[in-house]
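Subject: Structure for you to look at

Hello,

Here is the structure I promised to pass on. Please open it and keep it beside this email as you read.

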Amino acid sequence: MKIKTDKASLYRNIVTADSIITGKAVNSILTYCLFKIYKDEMFIISTDKEIVIKTRMDCESDEEFSFTADGKKMSQILKEMSDGEIHLTIDDNILNLKSPLIKGNYKVVIASADDFPESEP
């Protein structure tokens with residue numbers, strides 16, 4: 001599973017979605033953001049069970065899929081990366097973030113989207 005998108009746009013959308021997440025969530029999945037990936041767009045969704053934030057951005061993907069990941073951790077990583085194109089790949093519940101401008105990549109553990117609460121705005 002591969003995604004290509006703009007780093008600045010991804011960072012901005014994750015920060016927006018992650019803004020309602022607190023560390024005091026009763027259910028640990030509520031500390032994550034839900035990523036819904038389509039061929040040419042991505043939705044990033046978060047909820048505290050009362051409020052839902054859903055952002056949309058452009059991307060290129062080789063397939064459609066969903067996963068959850070720690071938005072705070074991803075935003076910390078993205079903040080340190082150079083602006084421009086970024087590549088995301090998923091292998092065995094690990095999200096790899098890589099910029100063509102740097103050597104190496106960053107890794108974030110992801111979880112299944114099945115456990116994320118169904119609450120569309």
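This is a predicted model: local features need pLDDT of at least 70, side-chain atom pairs count only at pLDDT 80 or more; totals for chains, interfaces and linings use all residues.

Start with the fold. The chain has 2 helices and 9 strands. In sequence order they run β-α-β-β-β-β-β-α-β-β-β.

Next, the overall dimensions. The C-alpha trace spans about 40 × 25 × 25 Å along its principal axes. How does the radius of gyration fit a compact globule? For 121 residues, such a globule would have a value near 14 Å; the chain has 13 Å, which agrees.

Now the contacts. Take those with a separation of 6 or more: 60% of them join residues 24 or more positions apart.

Then the surface. The accessible surface is about 6800 Å², and carbon and sulfur atoms hold 47% of that. The chain carries 16 positive and 21 negative charges. Their mean positions lie 6 Å apart.

Now go inside. Buried residues make up 42% of the chain's 121 residues. In soluble globular proteins, nonpolar side chains tend to be buried together. Which residues have the most contacts inside the largest nonpolar core? They are Leu10, Phe35, Met42, Ile44, Phe67, Met74 and Leu95, in a core of 28 residues. There is also a second, separate core of 6 residues, with Leu30, Leu34, Ile45 and Phe116 among them.

Finally, find Leu10. Setting aside neighbours within four places in sequence, Leu10 is in contact with Thr5, Met42, Ile44, Met57, Leu78, Ile86 and Leu88.

Best wishes

Definitions and conventions:
Residues are numbered from 1 along each chain as its sequence is written. Side-chain values use heavy atoms; hydrogens and water are left out. Helices (H or I, at least four residues) and strands (E, at least two) are DSSP runs, numbered from the N terminus. The radius of gyration is taken over C-alpha atoms; the globule rule is 2.2 Å times the number of residues to the power 0.38. Buried means under 20% relative accessible area, exposed over 50%, partly exposed in between (1.4 Å probe, protein chains only). Contact means heavy atoms within 4.5 Å. Accessible areas come from the Shrake-Rupley method with a 1.4 Å probe; for residues, only the protein chains shown count as cover. Lys and Arg count as positive and Asp and Glu as negative; His and the chain ends are not counted. The place of a charge is taken as NZ of Lys, CZ of Arg, CG of Asp or CD of Glu. A nonpolar core is a set of buried Ala, Val, Leu, Ile, Met, Phe, Trp, Tyr and Cys residues joined through side-chain atoms within 4.5 Å.
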